[in-house]
Amino acid sequence: MAMAKNDDFLDDIEAAEAETYAEDMTEFSDEELELDALRAERDEYKDKFVRALADAENARKRSEKDRREAENYGGSKLARDMLPVYDNMKRALEAATDEQREAFGSLLEGVELTMRELLNVFKKHGITLIAPQVGDKFDPLHHQAMFDAPVPNTVAGDIIQVSTEGFMLHDRLLRPAQVGVSSTPAG
């Protein structure tokens with residue numbers, strides 16, 4: 001019988017807890033429930049506001065980056081189209097013989113001045129010349145190997161001929177320098 005009394009006591013505790021819980025639940029007034037709902041709604045709007053601010057800041061940064069890139073690289077197509085003009089003027093000057101220089105000196109001087117002006121405009125807009133020399137090491141980031149050949153007294157990977165100079169637009173490769181590369185094995 002002692003066991004039965006213990007069980008009744010436990011039943012009484014559970015009933016008392018249930019009563020206390022029910023009383024606590026009824027103690028919440030409609031105003032408190034409405035206040036809790038308003039607080040939850042406020043927190044939701046605050047969260048949305050913070051997210052909208054973050055999205056706006058990200059959009060501002062993205063548009064600033066796009067603007068800078070357009071400013072720096074927007075003329076890359078025009079710059080690429082101007083490179084053959086430089087190449088042709090350089091070839092014309094290199095092809096002139098001494099006789100032609102004497103006979104057409106002022107014409108060739110005008111071509112040289114025009115070429116210098118073109119290089120100044122390139123420099124003003126962030127276009128730099130990549131002019132490798134024979135004997136330099138081949139750099140695949142700035143050079144394009146047009147051919148390789150075994151050349152005595154060279155090391156594999158050395159530039160043995162420069163076909164066309166390259167150009168950079170700020171930090172981007174506009175056109176690689178076209179070169180011939182030695183394939184002479186070490187030994």
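The following legends describe close-up views of a predicted model.

**Figure 1. Overview of the elements in the chain.** The chain contains 5 helices and 6 strands. In sequence order, these elements follow the pattern α-α-α-α-α-β-β-β-β-β-β. Of its 187 residues, 19% count as buried. Among the contacts with a separation of 6 or more, 64% are made by residues 24 or more positions apart.

**Figure 2. Aromatic pairs around phenylalanine 167.** Two aromatic rings are described by the distance of their centres and the angle of their planes. A search of the whole structure finds 2 aromatic pairs. In one of them, the ring centres of tyrosine 86 and phenylalanine 167 are 5.3 Å apart and the planes stand at 90 degrees, so this pair is edge-to-face. Tyrosine 86 belongs to helix α3 (residues 76-95) and phenylalanine 167 to strand β4 (residues 166-169); the pair thus links distant parts of the chain, 81 residues apart. Tyrosine 86 and phenylalanine 167 are buried. Phenylalanine 122 and phenylalanine 167 also form an edge-to-face pair, with 5.6 Å from centre to centre and 80 degrees between the planes. Because phenylalanine 122 lies in helix α5 (residues 105-124) and phenylalanine 167 in strand β4, this pair ties together parts that are 45 residues apart in sequence. Phenylalanine 122, like phenylalanine 167, is buried. Through these ring pairs, Tyr86, Phe122 and Phe167 are linked into a cluster.

Figure 3. In soluble globular proteins, nonpolar side chains tend to be buried together. The largest nonpolar core of this model has 15 residues, of which Tyr86, Phe122, Ile127, Phe167 and Leu174 touch the most other members. Two or more residues of this core come from each of α3, α5 and β4. Helix α3 gives the largest share, 5 residues. A second, separate core has 6 residues, including Ile130, Met168, Ala177 and Val181.

**Figure 4. Surroundings of tyrosine 86.** Leaving aside neighbours within four places in sequence, tyrosine 86 is in contact with Met115, Leu118, Leu119, Phe122, Leu129, Glu165 and Phe167. Tyrosine 86 is also one of the residues that touch the most other members of the largest nonpolar core.

**Figure 5. Packing of helices α3 and α5.** Two packed helices are described by the angle and the distance between their axes. The axes of α3 and α5 come within 10 Å and cross at roughly 150 degrees. The crossing of α3 past α5 is left-handed. On the α3 side, the residues that meet α5 are Met82, Leu83, Val85, Tyr86, Met89, Lys90 and Leu93. Their counterparts in α5 are Leu108, Val111, Glu112, Thr114, Met115, Leu118, Leu119 and Phe122.

**Figure 6. Arginine 172 and the ring of tyrosine 73.** The charged end of arginine 172 sits over the ring of tyrosine 73. This charged end is 3.7 Å from the centre of the ring.

**Figure 7. Two residues with positive phi.** Asparagine 153 is not a glycine, yet has a positive phi of about 65 degrees. Asparagine 153 is found in the loop between β2 (143-149) and β3 (159-164). With a relative accessible area of 83%, asparagine 153 is exposed. Histidine 170, likewise not a glycine, has a positive phi of about 55 degrees. Histidine 170 lies in the loop between β4 and β5 (172-175). At 35% relative accessibility, histidine 170 counts as partly exposed.

**Figure 8. Valine 155 and its contacts.** Valine 155 is found in the loop between β2 and β3. Its relative accessibility is 46%, and valine 155 therefore counts as partly exposed. The C-alpha atoms of valine 155 and serine 183 are 7.2 Å apart in space, while the two residues are 28 residues apart in sequence. Not counting residues up to four places away in sequence, valine 155 touches Lys137, Ser182 and Thr184.

Figure 9. Histidine 142 has its place in the loop between β1 (127-130) and β2. At 26% relative accessibility, histidine 142 counts as partly exposed. Histidine 142 and alanine 131 are 11 residues apart along the chain, and their C-alpha atoms are separated by 9.8 Å. Not counting residues up to four places away in sequence, histidine 142 touches Ile130, Met168, Leu173, Pro176 and Ala177.

Definitions and conventions. Residues numbered from 1 in each chain as written. Predicted model: local features only at pLDDT ≥ 70, side-chain atom pairs only at ≥ 80, totals over all residues. Heavy atoms only, no water. Phe/Tyr/Trp six-rings, centres within 6.5 Å; stacked < 30°, edge-to-face > 60°. Helix = DSSP H or I, 4+ residues; strand = E, 2+ residues; numbered from the N terminus. Buried < 20%, exposed > 50% of the residue type's maximum accessible area, 1.4 Å probe, protein only. Lys NZ or Arg CZ within 6 Å of the ring centre and 35° of its normal. Core = buried A, V, L, I, M, F, W, Y, C linked by side-chain atoms within 4.5 Å. Contact = heavy atoms within 4.5 Å. Axes fitted to C-alpha atoms, helices over the stretch in contact; angles between N-to-C directions. Left-handed = near helix turned anticlockwise from the far one by under 90°.
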